[in-house]
Amino acid sequence: MSDNKSQTGGQDRERINIHQDYELRDWAKSLNTTPERIKEAVQAVGDRAEKVREYLGQDKPNR
């Protein structure tokens, strides 16, 4: 099943899918970092945005 870009919100909003280029790019922009750093963070702490923010040293979401 493919990712439906027209349905936003819900649990998908706080998970980072590093296998979707547009999602990786958007998260990198919102967290003011590079896609490579996002991938590194997800590898280290999982795909939860809260944990990735902590790993990157950020407290508040920019979304």
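User: What covers the buried residues of α1?

Analyst: In this predicted model, the cover of the buried residues of α1 includes α2 (35-45) and α3 (49-55). Helices are DSSP runs of H or I of at least four residues, numbered from the N terminus. Local features need pLDDT of at least 70, side-chain atom pairs count only at pLDDT 80 or more, and totals for chains, interfaces and linings use all residues. Residues are numbered from 1 along each chain, and side-chain values use heavy atoms, without hydrogens and water.

User: Which residues of α1 are called buried?

Analyst: Buried means under 20% relative accessible area and exposed over 50%, with partly exposed in between (1.4 Å probe, protein chains only). In α1 (residues 21-30), Glu 23, Leu 24, Trp 27, Ala 28 and Ser 30 are buried.

User: What places these residues on the same side of α1?

Analyst: They lie on the same side because their arc around the axis is only 165°, taken from the directions from the helix axis to the C-beta atoms. On the other side of α1, Asp 21, Arg 25 and Lys 29 are exposed.

User: Why are α1 and α2 called roughly perpendicular?

Analyst: Their axes cross at roughly 100° and come within 8 Å. Axes are lines fitted to C-alpha atoms over the stretch in contact, with angles from 0 to 180 degrees between N-to-C directions. Roughly perpendicular covers 65 to 115 degrees; α1 and α2 are therefore roughly perpendicular to each other.

User: Which residues of α1 and α2 meet?

Analyst: Leu 24, Trp 27 and Ala 28 in α1 meet Pro 35, Ile 38 and Lys 39 in α2, where contact means heavy atoms within 4.5 Å.

Note on methods:
Helices (H or I, at least four residues) and strands (E, at least two) are DSSP runs, numbered from the N terminus. Angles under 35 degrees count as roughly parallel, over 145 as roughly antiparallel, 65 to 115 as roughly perpendicular and the rest as oblique.
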